[in-house]
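This report describes a single protein chain, shown below.

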Amino acid sequence: MYNNIHYMESDKRISKTYFIKTLQEKNINLFDIVQIGNLFALKNENTLRHLLRRLKKREIIIGLTRGKYLFA
């Protein structure tokens, strides 16, 4: 399975490993879409939702309520 998640916005690539490492370093367990956007410098809401959907599918994060996520 692919480890990189590619986004059109500024040709950014965010790997699963980079995402996990960043959240662990910042000690982030509970977050929302705005926090992730700021953390990874992603401004497009569709890009953010796509990123979170893929991470949820890979069971890296868990959706709690609308717009709130838990790092698994």
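Of the 72 residues of the chain, 32% count as buried, where buried means under 20% relative accessible area, exposed means over 50% and partly exposed lies in between, with a 1.4 Å probe and protein chains only. The model is predicted, and local features need pLDDT of at least 70, side-chain atom pairs count only at pLDDT 80 or more, and totals for chains, interfaces and linings use all residues. Residues are numbered from 1 along each chain as its sequence is written, and side-chain values use heavy atoms, with hydrogens and water left out.

The chain has 3 helices and 5 strands, in the order β-β-α-β-α-α-β-β along the sequence. Helices (H or I, at least four residues) and strands (E, at least two) are DSSP runs numbered from the N terminus. Among contacts with a separation of 6 or more, 47% are between residues 24 or more positions apart; a contact means heavy atoms within 4.5 Å.

**Core**

A nonpolar core is a set of buried Ala, Val, Leu, Ile, Met, Phe, Trp, Tyr and Cys residues joined through side-chain atoms within 4.5 Å. The largest one holds 16 residues, of which Phe19, Phe31, Ile36, Leu52 and Ile61 touch the most other members.

The largest share, 4 residues, comes from α3. Leaving aside residues up to four places away in sequence, Phe19 touches Ile14, Phe31, Ile36, Phe40, Leu55, Ile60 and Ile61.

**Helix α2**

Ile33, Ile36, Gly37 and Phe40 are buried in α2. They lie on the same side of the helix because they cover an arc of only 100 degrees around the axis, taken from the directions from the helix axis to the C-beta atoms. The buried residues of α2 pack against β2 (13–15), α1, β3 (30–32) and α3, while the face turned away from the buried side carries exposed Val34 and Asn38. At the start of α2, a side-chain oxygen of Asp32 comes within 3.2 Å of the backbone nitrogen of Val34. Ala41 follows α2 and has a positive phi, near 55 degrees.

Strand β4 (residues 61–65) runs antiparallel to β5 and is joined to β5 by 4 bridges; strands pair if DSSP finds at least two bridges between them. Ile62 stands opposite Leu70 of β5. The hairpin has 2 residues between the strands, and Gly67 takes a positive phi near 85 degrees.

Note on methods:
Polar contact = N/O pair within 3.5 Å; in protein donor to acceptor, adjacent residues only side chain to side chain.
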